[in-house]
Each structure stands twice: as C-alpha cells, then as structure tokens.
Amino acid sequence: MHSLNRVLASLEEALPMSSLDVPLTLLDPEGGWINAPVHVHDLRGRPTLLYFWSELSQTNEQQLPKIKTLLDEFLPKGLQVVGVHVPMAGEDLEHALDTNDIEAIVKRMGFRHPVAVDDGSMEQAYGVNDVPTFLVYDAFGILRFRVSGEDALNLELRRILERLTGPEANTGAFAP
C-alpha cells in the first residue's frame, strides 16, 4: 500500500496541471456532512464523481432523479460519489447550512453517498458558478471531466463514467 501511495504521489508531481484542473483536495465544509464525512485520502484508487447542487435551484426537481438514475448505474461499478449542497446567491447562509431540509431531500431520493453541506468554501475552491456542476476524477485524483448547467447530465458525462469504471479503467490506457 505504501508503494502505491508513492507511485500516486510521483504521478501527481510529474503531471502538469492545466488551468482547468482542480485537484481533489478540499473536502471540509463548515456546514457538516450527511451520510458520514469523507476525506480525500479515502477517495484514492477509484474514480470519483463530485457533484454540486442546491435545494433552491429551479432545476433541482428535474436533476436529482436523473442523478439518482446515474448513480444507481455507476456506484455498483466502483464509482465513488460525493454530493455537495451549495448555497444559492442571496440565500441566507444560516438556512443554507441547516442540514434538516437537505437531509430530508437526501433521504427522500435514497442517496446513501456522503453529501457535504457547503458554506460556499468548496464551491469557491472548485470554481463552481452554476448548479448542477459535475467534476469527474480518475483513480489518481486527476480531473478528467467538468460540466455545468441544466444540460450537465449529458451523454459525454455518461461516456466518461463508463470509461473510468469499465474494463479499460484498470489497464492504465485511459486517455482524457
């Protein structure tokens, strides 16, 4: 296990980051967690979907069932998922950090993956300007895909998840 960590660390140092890359590093919101906290070191070795959403988003009612369908397909294939609930512009931060409403939605949707209740720090760190936003990381923690907005749950997102969780994912042959 230690040698794998050294390989991962050397790969991270050797790979140049473009201005579009956002490392999977910050997972510590002030608002807390629903369905248990997660730490970045827990995510190494498997692809990760980090998705940002808000209970007050107008697209929330249409998007959450689609997210649920996507997760039902890819979680059994080894995808790790972290949801991040973010405050909407102008929303009272006290309300945004109240986990009761968010937890009720998470339970109603049947989500069992960790959901961070963000105070805006994660949203800012990951450069999220719209909800929903999906960031897909490979098993090495390298950002491979980013998409935002009403049409974020698109065919390209599905394709990248298939590649990262499919048979070729473990061969090292993945090309972004």
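A96 is buried, with a relative accessible area of 0%; buried here means under 20% relative accessible area, exposed over 50% and partly exposed in between, with a 1.4 Å probe and protein chains only. The model is a predicted one, in which local features need pLDDT of at least 70 and side-chain atom pairs count only at pLDDT 80 or more, while totals for chains, interfaces and linings use all residues. Residues are numbered from 1 along each chain as its sequence is written, and side-chain values use heavy atoms, with hydrogens and water left out.

A96 is found in helix α3, residues 93-96. Helices (H or I, at least four residues) and strands (E, at least two) are DSSP runs, numbered from the N terminus. Leaving aside neighbours within four places in sequence, A96 is in contact (heavy atoms within 4.5 Å) with H85, P87, E91, I102 and V117. The C-alpha atoms of A96 and D118 are separated by 8.0 Å, and these residues are 22 residues apart along the chain.

H85 stands opposite V117 in β4. Strand β3 (residues 80-85) and strand β4 (residues 115-117) pair in the parallel sense over 3 bridges, where pairing requires that DSSP finds at least two bridges between two strands. Strands of a sheet pair through backbone hydrogen bonds, either parallel or antiparallel.

The sheet is open and has 6 strands in the order β1-β4-β3-β2-β5-β6, with mixed pairing. Its edge strands, each pairing on one side only, are β1 (33-34) and β6 (143-148). Helix α6 (residues 155-165) packs on the sheet and touches β5 (133-137) and β6. The direction of α6 makes about 25 degrees with that of β5; axes are lines fitted to C-alpha atoms, for helices over the stretch in contact, and angles run from 0 to 180 degrees between N-to-C directions.

Strand β2 has partners of both kinds. With β3, β2 pairs in the parallel sense over 6 bridges, and W53 stands opposite H85 in β3. With β5, β2 pairs in the antiparallel sense over 5 bridges, and the bridge partner of L49 in β5 is V136. β2 is mostly covered, as 6 of its 6 residues are buried. T48, L50 and F52 point one way from β2, and L49, Y51 and W53 point the other way. Together with α2 and β3, β2 makes a right-handed β-α-β unit; a crossover is right-handed if, with the strands pointing away from the viewer, the path from the first strand over the helix to the second runs clockwise.

Helix α2 (residues 60-74) contains Q63. Q63 is buried, with a relative accessible area of 6%, and it touches P132, E150 and L153, not counting residues up to four places away in sequence.

The next topic is the nonpolar cores. A nonpolar core is a set of buried Ala, Val, Leu, Ile, Met, Phe, Trp, Tyr and Cys residues joined through side-chain atoms within 4.5 Å. The largest has 27 residues, and those with the most contacts inside it are L49, W53, F111, F134, V136, L157 and L161. Two or more residues each come from β2 (48-53), α2, α4 (99-109), β4, β5, β6 and α6, and the largest share, 5 residues, comes from α2. Apart from its neighbours within four places in sequence, V136 is in contact with T48, L49, I142, L143, R144, F145, L157, I160, L161 and L164. A second, separate core of 15 residues includes V84, V131, L135 and Y137.

A search of the whole structure finds 3 aromatic pairs. Rings of Phe, Tyr and Trp (its six-membered ring) pair if their centres lie within 6.5 Å; planes under 30 degrees apart count as stacked, over 60 as edge-to-face and the rest as tilted. The ring centres of Y51 and F134 are 6.0 Å apart and the planes are at 25 degrees, so this pair is stacked. Y51 lies in strand β2 and F134 in strand β5, so the pair ties together parts that are 83 residues apart in sequence. Y51 counts as buried because its relative accessibility is 0%, and F134 is buried at 0% as well. F52 and Y126 form a tilted pair, at 5.8 Å centre to centre and 55 degrees between the planes. F52 lies in strand β2 and Y126 in the loop between α5 (121-125) and β5, so this pair ties together parts that are 74 residues apart in sequence. Both F52 and Y126 are buried. Y51, F111 and F134 form one aromatic cluster.
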